[in-house]
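Thanks, everyone. Let's take the interfaces of this complex, then the confidence. Here it is on the screen.

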Amino acid sequence: MKLLRALSLVASLIPAALSAQGVLVAPTGIFIDPRTHGGSVELYNPGSDPVEVSISTAFGYPVTDSLGRVTLHMENAPASTVPSSASWIDAFPRRLVVPAHERRTVRLLARPPITLRDGEYWSRLVVEAKGGQIALQSPSDSMGLHVGLTLDVRTIVAVFYRVGHVSTGLTMTDARAHVAHDSVDVCASFTRHGNAAFLGALHVALSSGARTPATAVSVPLAVYYALAPCVAIPARSLAPGRYVAHLLVDTDRSDLQRTLLLPIAPLRDSVIVTVPSPR
Amino acid sequence: MSRTSLVARGVVTTAAMAIAFAAVGPSPLAAQTGTINATATVLQPITITGSNDLQFGNVFPGVNKTVDYTDATNAGKFTVGGDGGAQVAVSFTLPTDLNGPAGSTLPISTWTGYYNTTNSATSGGASFTPSATSFNTNLSGTTGSPGSLYVFLGATVTPAVNQTQGAYSNTVTMTVAYTGS
Amino acid sequence: MRDSRHSITSRTLRSALLPLMILVCGAGSTHAKAPTVQVARVQDLTFGNVFPGVPITVPLTDSRAGQYTLVNGTGRALTVQLVFVLPSTLATGGGALMPVQFGPASAGFSATGSLGSMVPFDPSIPFTATIAAKTTARVFLGGTLQPTGGQAFGSYTATITLTAL
C-alpha cells in the first residue's frame with residue numbers, strides 16, 4: 001500500500017509526455033556559387049514548444065549497398081582529393097532556438113580556397129533539433145523508478161558549391177530485374193562523368209505488351225561517383241507472365257529548381273522479367 | 001477630293017474632339033494606376049518530428065519492462081514529412097543506459113522498430129532493428145504531393161534488484177538523410 | 001477656286017464649332033492641366049520562401065509589404081478614391097495556384113509617407129484619401145498566403161493594381 005501511494009505520488013509529479021518536437025528544413029538541396037558566396041536554409045518549428053537547433057556541416061554522398069539500397073556515406077575526415085566543401089562552408093548561426101510556430105533563416109557562407117578548380121564541391125548540412133528534456137521527478141521516499149526517453153531529430157540535406165564550368169553525364173549499365181518476395185526489383189548501375197553530381201530521376205515501368213504499363217515507379221536519383229540502386233515495384237497485383245521493365249533516366253525533378261539541374265540526354269534500357277504463378 | 005468630304009471631315013474631326021473633351025472634361029481627376037507584384041517561392045521541405053517520447057512509466061527494481069513498438073501510448077514515434085516518394089536513409093543514435101540519480105544508470109536494450117507510410121505500427125509497414133546503420137525507404141505518394149513516413153520504437157529496460165530509486169532518462173536521436181540529392 | 005471655296009467652307013464650319021467646343025469642354029483646356037495623383041510602384045509584396053501547409057502573413061508594416069507612392073504635385077489638396085484590383089491566387093508559370101488573402105486591415109494609407117501616420121483600411125473596399133498639396137503619400141499592402149499541404153514547389157507571382165480615381 002505504501003508502495004502504491006509512493007508510486008501514485010511519483011505519477012502525479014510527472015508531466016504528460018512532451019508534445020511533438022521537430023523542425024522543418026527547406027530546401028533539401030542548397031546551391032551556392034561564387035557570385036552569391038552564400039545561401040540559406042529555412043527552419044520552421046511546427047510544434048507548440050521552442051526547439052533548440054544546432055547546425056553543422058559534414059562531407060557525405062549517397063552510395064548503394066550490395067542489395068541496391070541507397071544510404072548516405074559520411075566521412076569525418078575527407079581526403080584532400082575529394083571535392084569536399086564541408087570545411088569552408090559555415091552556418092550562421094550555428095545554434096539557435098526556434099520558438100513555437102515560428103521560422104528562422106540560417107545563412108550559409110562559403111569561404112573557398114582561392115585555388116579552387118572549376119567544378120562542384122559537396123557537403124551535407126546537419127540540422128539537429130532538440131525538444132525540451134523529458135521532466136522526470138520523484139520524491140525522495142519513492143520506492144519506484146520512473147523511466148522515459150526524449151526523441152531528438154537530425155535532418156541531413158545536401159549543399160552544392162559550383163564554381164566555373166560545371167557539367168555532368170551518366171552511363172547506365174547492367175540493367176537487370178528479378179522477382180523478390182512480393183516485388184519485382186529492377187536494378188541498374190550508374191557511373192557519373194563530368195565535374196558535378198548527376199541529379200535526376202529513374203523511372204521504371206513494367207509492361208506486358210499492353211499499351212499502358214502495368215505499373216510504374218519513379219524515384220529520385222543522385223549519382224556522385226557511382227550508384228547501383230534497385231527499385232522495388234510491388235508485384236502483388238501483377239498477373240503471372242512475362243514483362244518488360246523499361247528504365248528511363250532523365251532530369252525531371254519537381255523538387256529541385258529546374259534552372260539548377262544540369263541536363264543530360266535521357267538514358268533508356270529495358271530488361272525482361274517473368275512473374276511466376278503463385279506457389 | 002469632294003467638297004462634301006472636305007466639309008464632313010472637318011466637322012467630324014472637330015465634333016469628335018468636342019465630344020471627347022466633353023466626355024472627360026467634367027472629371028476633376030484623371031485615374032492613375034500603379035502595379036506591383038505579389039511574389040512567393042514554395043520550397044521543398046523535409047520535416048522530422050519526435051511525435052511521442054518513449055515512456056516506460058513506473059518500473060520496479062529487478063523487474064524488466066518492455067515497451068513494444070505497437071504500444072500506441074508509450075512507444076516512441078517519429079513522423080517524417082516531405083515530397084511524396086522522397087528517398088531517405090534513416091538511422092539512430094541509441095543509448096545503452098539511462099541516466100538516473102547520483103550517477104546511477106539503468107540499462108536499456110533490445111530495441112525494436114517499425115516503419116510505415118501510414119500511421120500504423122501493426123500493418124502495412126516493415127519491422128526493423130534500430131541501429132546506427134541506416135535503412136532506406138521512400139515517403140508515401142509521388143513527387144509533387146505530400147509524402148509521409150512513420151517510425152515506431154520500442155525497447156526493454158532491465159533494472160537491477162538494488163536499482164537506485166528515482167527518475168531515469170536519456171535521448172534517442174533519429175537521423176534522416178535526404179538521399180535524393 | 002473650288003479648292004478655295006472648299007477651304008472657306010471648311011474654315012467657316014470650324015470657326016462656328018470652335019466656340020461650341022470651348023463651351024462644351026471648357027474644362028478641356030484645363031483638362032490638359034487636370035490635377036492628378038501620380039501612382040507609382042515602390043516595391044512588390046514579397047512573401048519570400050514559403051513551406052507547403054504553412055500559412056505566412058506579411059503585415060503591412062513589414063519591410064516586405066508592397067508599397068506605392070501617391071504624388072500630388074499640385075498646389076492644392078486632392079481627394080481620391082483608392083481602388084485595388086486584388087488577386088485571389090498567386091500562380092506559377094506551369095499553372096499551379098496558391099491562395100492569397102487580404103484582410104480588413106491589410107492595406108494602409110499614410111498621408112505623409114511614414115509608417116507612423118498610416119491609417120489601415122480594407123483593400124477590397126474603395127478608400128477615400130486626401131493628399132495635401134505638393135506631398136507624396138504612400139499606400140502599403142500586406143497579405144496572407146495559404147499554401148496547401150501539397151502545394152507545388154516553385155516561384156509564384158500575381159499582379160496587384162492600385163488605381164487613384
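**Contacts and confidence**

Four residues of chain C are in contact with six residues of chain A; contact puts the C-beta atoms, placed from the backbone, within 7 Å. On the chain C side, three are nonpolar, one is polar and none is charged. Nonpolar takes in Ala, Val, Leu, Ile, Met, Phe, Trp, Tyr, Cys and Pro; Asp, Glu, Lys and Arg are charged; the others, Gly among them, are polar.

A word on conventions. This is a predicted model, where local features need pLDDT of at least 70, side-chain atom pairs count only at pLDDT 80 or more, and totals for chains, interfaces and linings use all residues. Residues are numbered from 1 along each chain as its sequence is written, while chains are lettered from A and ligands numbered from 1 in the order in which they are written.

Now A and B. The contact takes 51 residues from chain A and 54 from chain B. Which strand of chain B gives the most to that side? E12(B), with 13 residues. By class, chain B's side has 29 polar, 23 nonpolar and two charged residues.

Strands are DSSP runs of E, at least two residues, numbered from the N terminus. E12(B) pairs in the parallel sense with strand E10 (residues 145-163) of chain A, over eight bridges; pairing needs at least two DSSP bridges. One bridge there joins A:Leu151 to B:Val172.

Last, confidence. The complex gets an ipTM of 0.84 and a pTM of 0.79 from the predictor. Chain C has a mean pLDDT of 82, with 79% of its residues at 70 or more; pLDDT is the predictor's per-residue confidence, from 0 to 100. Over residues 1-33 of chain C, pLDDT stays under 50. Where pLDDT is low, the predicted coordinates should not be read in detail.

Methods. Two residues are in contact if their C-beta atoms, placed from the backbone, lie within 7 Å. Helices (H or I, at least four residues) and strands (E, at least two) are DSSP runs, numbered from the N terminus.
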